[in-house]
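Hi,

Here is the model I promised to pass on. Have a look at it first, and my notes follow below.

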Amino acid sequence: MDGLGQWAIAEIPKEPQLYQVWLSSLRLKLDRNLEKLKELYKEPRDTYGDRTFRFYITRIQPAKSTRIQWVWELDCDREILHVDCRPFFRLANVPRGRLFLSSISVDHYGHRACSENLPPEYRYEWKVELTPPCALSVEKYNRLVLKANVMSARSLLGLPHRTGNCEEVRSALYQVLIGTAMRTWALAHDIPLLEQVSTPADISDRLIELGRAMLYIALQPMIFCKYEYHLRQPVTCSQERFQWLHPEVCVQFQTHLEDDDTLKACIASLIAKIGGSPRPEVKQRTFAISFSFTHLSIAKISVYPDGSVDVRHTPALSFLPSFFATTSSTPGISALIALSMVLDNSHILPSQSNSTLIGGPPLPVEIWHRIVLNVSSCSDLKTLAVLSPQSRSAVQYVLRYPHIAGHRLLKPLSEAVDPCWVSPRWCRALQEDYHPQDGLHELYSHAFVASRDDQSGLSIQVAPGDPPLRPLSRSWSERSSSVAGLAKEGQFDLIPVDGIHTLGWSVKYGISRI
């Protein structure tokens with residue numbers, strides 16, 4: 001890599017005064033070139049000029065391709081040097097020589113990144129100055145919420161300190177799914193941009209859609225079976241970035257929730273939206289999530305018939321792991337999965353009627369539990385759910401466990417997944433950015449004990465989906481495996497390649513016997 005990018009920094013003066021003169025001159029030159037190119041076109045456009053010109057100017061950020069292996073950008077507005085479309089160095093203090101080359105590294109999710117060992121004086125800095133939140137909103141929060149009502153997630157939800165087996169399985173799988181999302185270019189590119197975003201309206205639509213998908217997956221039953229899983233709502237167009245994710249849960253997208261007053265103002269806005277909402281979902285108890293990707297807070301808002309409101313919430317909890325994380329668990333992930341354990345998910349089951357109920361003395365719930373534990377087909381479980389209130393209760397219980405391709409996940413395994421399966425060589429050749437750091441593939445892959453109907457002793461391993469071999473990827477595929485030890489392999493889309501998502505978000509699985 002010696003010499004790569006050296007041309008990009010050779011012309012940048014080291015001395016501060018000369019740097020300012022150089023930067024002003026470069027900005028003036030680029031502005032003049034833009035004005036000259038604009039004269040050639042009658043209407044505003046994203047790109048002025050084309051490849052037949054000596055140069056062209058575009059709003060579209062350049063990207064790597066089979067012909068372009070490195071991208072170097074001089075950001076004259078924010079004074080940053082970008083490498084492969086990610087911010088790296090302060091333009092006024094770019095490292096030189098060997099330090100420059102050693103600073104270009106790969107993070108633990110496989111994306112081009114600044115080395116962790118780079119001294120901070122060289123690292124980029126573009127955090128926006130926060131706009132003070134509405135003083136009236138903060139005042140309203142202080143009036144409605146007592147300090148004693150800020151508590152841990154498990155206290156808020158009335159859950160015991162120890163987690164049960166079902167919650168552990170859900171949490172382990174969800175951590176893997178978040179890890180696979182961290183491998184997507186949408187998160188790798190857009191999450192650093194959030195540092196300079198001051199309002200929810202400035203968050204990109206594709207990031208909002210990805211965030212909504214991450215929350216939706218955690219709160220709903222994790223049923224990833226053919227024709228069963230899909231996101232039921234389109235991407236939001238609301239500038240307020242407020243949505244309902246579940247009959248009992250809404251979310252407000254926000255920025256910089258680590259700031260105390262911003263969190264207070266966000267919770268106050270949620271209180272106003274829930275208290276004045278005509279939606280039938282607004283019941284005496286509603287859970288409201290303040291979400292900024294890096295942090296989240298869960299509030300329980302109770303609205304009583306006399307108009308009084310009781311609000312309790314968690315502090316801002318870190319949600320997405322750092323790109324250099326060594327563990328996939330975060331307090332926000334744990335809190336979100338804990339919330340999923342107290343929600344009523346009967347809305348996904350068919351409604352019961354007198355014509356479907358079984359006549360005669362009802363079977364006890366305990367008997368139904370034994371029956372449904374030997375059934376893993378989602379369609380069969382839904383059929384059983386309409387037979388009696390007791391069968392419905394048993395089905396709701398087992399559907400809290402994750403299901404993949406008709407297999408119920410029962411327990412996370414401690415054995416690591418083969419890294420050659422997680423990141424096969426043909427993927428590395430196809431996707432130049434597909435290079436996870438050795439030894440950290442456990443951040444986005446895991447294996448689980450599974451069962452299917454009356455078959456036990458099965459294992460399912462999960463990892464990021466492989467890139468499609470065709471321009472149009474399928475939303476679901478399964479085939480016999482040629483990998484040693486695996487009987488079947490499959491892949492499904494959590495977000496398909498479509499519209500604003502040019503790369504999508506997919507997950508693959510492998511089935512074997514233990």
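Predicted model: local features only at pLDDT ≥ 70, side-chain atom pairs only at ≥ 80, totals over all residues.

His403 has Arg408 in β16 as its bridge partner.

On to the next pairing. β16 also pairs with β17 (residues 446-452), again in the antiparallel sense, and here there are four bridges. Arg408 turns up in this one too, standing opposite Ser451 in β17.

Then there is helix α9 (residues 260-275). Its 16 residues should span 22 Å at 1.5 Å a residue, and the end C-alpha atoms are 23 Å apart, so the helix agrees with expectation. Quite a list of its residues is buried, including Leu263, Lys264, Cys266, Ile267, Leu270, Ile271 and Ile274. What covers them? Among the elements doing so are α4 (135-144), β9 (242-246) and β10 (249-253), along with β11 (285-291), β12 (295-303) and β13 (309-313).

Last, the cysteines. With sulfur atoms required to lie within 2.5 Å of each other, the count of disulfides is zero. Are Cys114 and Cys420 buried or exposed? Cys114 has 7% relative accessibility, which is under the 20% cut-off, so Cys114 counts as buried. Cys420 is at 56%, over the 50% cut-off, and therefore counts as exposed.

Cheers

Definitions and conventions:
Residues numbered from 1 in each chain as written. Heavy atoms only, no water. Pairing = 2+ DSSP bridges. Helix = DSSP H or I, 4+ residues; strand = E, 2+ residues; numbered from the N terminus. Buried < 20%, exposed > 50% of the residue type's maximum accessible area, 1.4 Å probe, protein only. Expected span 1.5 Å × (residues − 1). Contact = heavy atoms within 4.5 Å.
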